[in-house]
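User: Hi! I'm new to protein structures and would like to learn how to read one. Could you walk me through some features?

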Amino acid sequence: MPGMTHEAFATQLERLLPLAQANPTAYRHRVRGWVLLGYGFIALLLLGSLGLMGGLLWLMLAVGVGGIILKLLIPLGYFVWKVLRAMWVKFDAPSGRRLTRAEAGPLYELVRTQTRALRAPTVHQILLTDDYNAAAMQLPRLGLLGWPRNYVLVGLPLLQTLSPAQAAAVVAHELGHLRGGHGRFGALVYRVNASWAQLAGQLARGGGGSLVHRFTDWYVPRFNAWSHPLRRTAEFEADAAAAQLTSPADLAEALCAIHLREPALNRLHWDELTKTMAHEPAPPADTISRLLAVARTARLPDTEEATLLHRAVEAEPDPHDTHPTLGERLAALSQAPLVPALPPVTAAEAWLGASLPILAQELDAEWASARTAPWGERHAVLREQRQQLTALQERLAAGETLGPDDAWTHADLTEDHVGAAEALPLFRALVESEKYGATAKFSVARILVNQDETEGLALLNEVQTQRPDLAGVALSLQRAYYERRGDRQTARQLTTLQYQHADVEEEAQAERQTVAERDTLLAHGLASEELAPLLTLLRDPTHHVAQAWLLRKKVKHFATERPFFLLLVRAQRSPTLNTDEEITTWAEQLAPQLVLPGSGLVVPVVRAYHWLGKRALHTADSEVYKAPAAP
């Protein structure tokens with residue numbers, strides 16, 4: 001991250017978390033100091049700019065050199081406008097089906113009773129969602145002036161897997177957040193982060209703001225580090241409030257049930273639903289209603305539940321995670337882990353009663369409506385893939401030997417549509433391939449490590465040497481393997497390597513965001529067959545491309561694995577495509593339609609990039625397309 005490495009950020013979190021846990025109130029005051037520092041810097045920017053504008057106006061009136069002064073006032077005014085605009089942060093209201101007292105009387109009574117007992121602020125709306133989750137939100141209706149509107153969100157799938165006592169503890173936990181003002185403080189933190197992100201982005205687009213960028217790079221990661229531990233301590237505070245109001249045992253049962261029932265629901269309902277996507281062109285009309293029946297008895301095999309619970313309890317705390325681990329939360333409650341029995345009556349049945357099937361049908365319709373388009377698109381892709389896989393299998397059955405491209409496609413589609421075990425020998429057969437060797441070796445390693453086979457670890461090390469750009473995923477797979485084995489020391493070492501690789505990835509991304517005169521530009525180095533798809537698009541008369549040059553930017557990271565190209569395009573002039581602004585807009589609209597042979601930027605031939613045009617003319621073989629002269 002700019003201004004601080006990932007490893008330094010993690011070290012900062014580990015240092016600050018004990019301070020926040022020791023005295024949350026004092027720590028919150030210190031975080032407010034960071035908030036004031038951020039807003040104070042913005043206030044200085046505004047006051048300084050407004051003071052300078054006032055001085056220039058006085059000078060213009062006193063001396064009478066209006067033209068020169070006006071040229072200075074316009075950019076200053078624009079800067080002030082951008083700063084003020086960045087301060088406006090919009091909070092969107094949460095989505096969900098608003099429950100009425102008639103539909104959910106017992107839930108409303110529970111919230112009323114718990115709110116009074118906790119002395120929490122009034123809940124204005126209770127929303128029902130299709131998520132396996134519960135939450136509380138406070139949204140300021142008057143921005144910085146406050147006047148929050150309070151929401152409690154409950155997921156129907158969650159309520160259908162918990163008993164009323166367990167769900168009551170979950171609701172009390174969320175109300176504990178409201179009592180502690182965690183929502184208000186969280187909104188303040190969000191507003192600070194969003195303001196700085198918007199301000200830096202707007203100034204970057206305007207080509208200025210170097211002072212602001214330097215302060216942002218220093219301030220934002222440190223503010224994030226200081227504010228982050230408060231979210232973890234807020235979870236412990238909310239747990240303590242819920243345990244006091246209900247009971248530590250009820251909350252512990254709820255926490256354990258959530259860790260076990262959600263994976264069961266994923267496997268027994270959502271995974272099965274996903275499988276139908278290849279065969280059904282539209283999502284089912286009763287997804288949530290079906291879920292209710294499955295969730296009622298959702299369980300995994302006893303041994304698997306025991307393993308899941310043990311891993312959740314023994315998991316290494318992640319300083320980046322805003323939620324403590326299950327083990328940390330149970331320890332704070334002085335409760336032992338357990339596998340809760342299925343409830344004879346679920347919270348959804350007890351609280352929603354006769355309204356339950358009607359509400360489920362409403363969520364059915366909303367779920368299907370929101371997913372009809374992406375489901376249809378995915379169905380078309382899967383259907384085409386299955387047809388392609390069938391054709392490849394028929395060719396193999398006929399005794400044909402597949403070339404490298406078809407062999408890779410066959411292995412890839414086999415894993416997606418048949419299984420990893422069936423795809424493993426197909427990937428192994430490609431390990432010596434010149435084109436797909438490293439990628440095939442990575443696939444073999446990934447499958448083996450996920451099966452807890454130690455052979456995969458050595459292969460992952462080899463892959464990282466051959467393909468440094470795959471190091472992030474490889475390290476993640478290795479770390480997960482050692483975490484499953486309970487080897488915390490090795491997992492921590494791999495985490496450090498992940499942080500270092502994340503820094504490299506961010507640098508690689510940053511150097512691919514822009515092009516500047518100081519950059520070194522090279523010949524594209526592509527063969528004619530690699531250019532063919534791009535040339536086909538450039539020749540399309542609807543794109544109005546008169547001429548195009550292709551260059552490769554010299555980058556520090558992953559230059560071979562992820563080459564970065566610059567496509568300089570000259571537009572065919574017309575009455576509607578004449579000014580620099582019109583041509584820039586045309587290039588922005590053209591870019592998504594062009595497929596570059598790697599990542600890159602599409603740059604228009606306009607005055608701002610006159611230097612790039614000169615560089616292109618002096619680079620061998622950079623011109624890749626020129627439209628034929630009009631007859």
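Analyst: Happy to! Let's start with a term for surface exposure: a residue is buried under 20% relative accessible area, exposed over 50%, and partly exposed in between (1.4 Å probe, protein chains only). In this structure, Glu483 is partly exposed, with a relative accessible area of 39%. Please keep in mind that this is a predicted model, where local features need pLDDT of at least 70, side-chain atom pairs count only at pLDDT 80 or more, and totals for chains, interfaces and linings use all residues. Residues are numbered from 1 along each chain as its sequence is written, and side-chain values use heavy atoms, with hydrogens and water left out.

User: Which residue forms a salt bridge with Glu483?

Analyst: A salt bridge is a side-chain nitrogen of Lys or Arg within 4 Å of a carboxyl oxygen of Asp or Glu. For Glu483 the partner is Arg479, with the closest N and O atoms 3.0 Å apart. Arg479 is partly exposed at 22%. Both residues lie in helix α19, 4 residues apart, which is about one turn of the helix.

User: How many salt bridges does a search of the whole structure find?

Analyst: The search finds 27. One of them joins the side chains of Arg112 and Glu109 at 2.4 Å, N to O. Those two are 3 residues apart in helix α4 (residues 105–118), so about one helical turn separates them. Arg112 has a relative accessible area of 33% and Glu109 has 38%, and each counts as partly exposed.

User: Which parts of the chain does the pair Asp452 and Arg484 link?

Analyst: Their side chains meet in a salt bridge at 2.8 Å, N to O. This pair links distant parts of the chain, 32 residues apart: Asp452 sits in the loop between α17 (437–450) and α18 (455–466), and Arg484 in helix α19 (residues 471–484).

User: How do I read the packing of two helices?

Analyst: Look at the angle between their axes, which are lines fitted to C-alpha atoms, for helices over the stretch in contact; angles run from 0 to 180 degrees between N-to-C directions. Angles under 35 degrees count as roughly parallel, over 145 as roughly antiparallel, 65 to 115 as roughly perpendicular and the rest as oblique. Here, helix α6 (residues 164–179) and helix α9 (residues 248–275) pack at about 95°, with axes 8 Å apart. That makes α6 roughly perpendicular to α9. With contact meaning heavy atoms within 4.5 Å, the residues involved include Ala165 and Val170 of α6 and Leu251 and Ile258 of α9.

User: And how are strands held together in a sheet?

Analyst: Strands of a sheet pair through backbone hydrogen bonds, either parallel or antiparallel. Two strands count as paired if DSSP finds at least two bridges between them. β3 pairs antiparallel with β4 (residues 148–155) over 7 bridges.

User: Is strand β6 mostly covered or mostly uncovered?

Analyst: Mostly covered: 8 of the 9 residues in β6 (residues 545–553) are buried. β6 also pairs antiparallel with β7 (residues 564–571) over 8 bridges, where Lys553 stands opposite Phe564. With β9 (residues 623–626), β6 has 3 antiparallel bridges, and Trp549 stands opposite Glu623.
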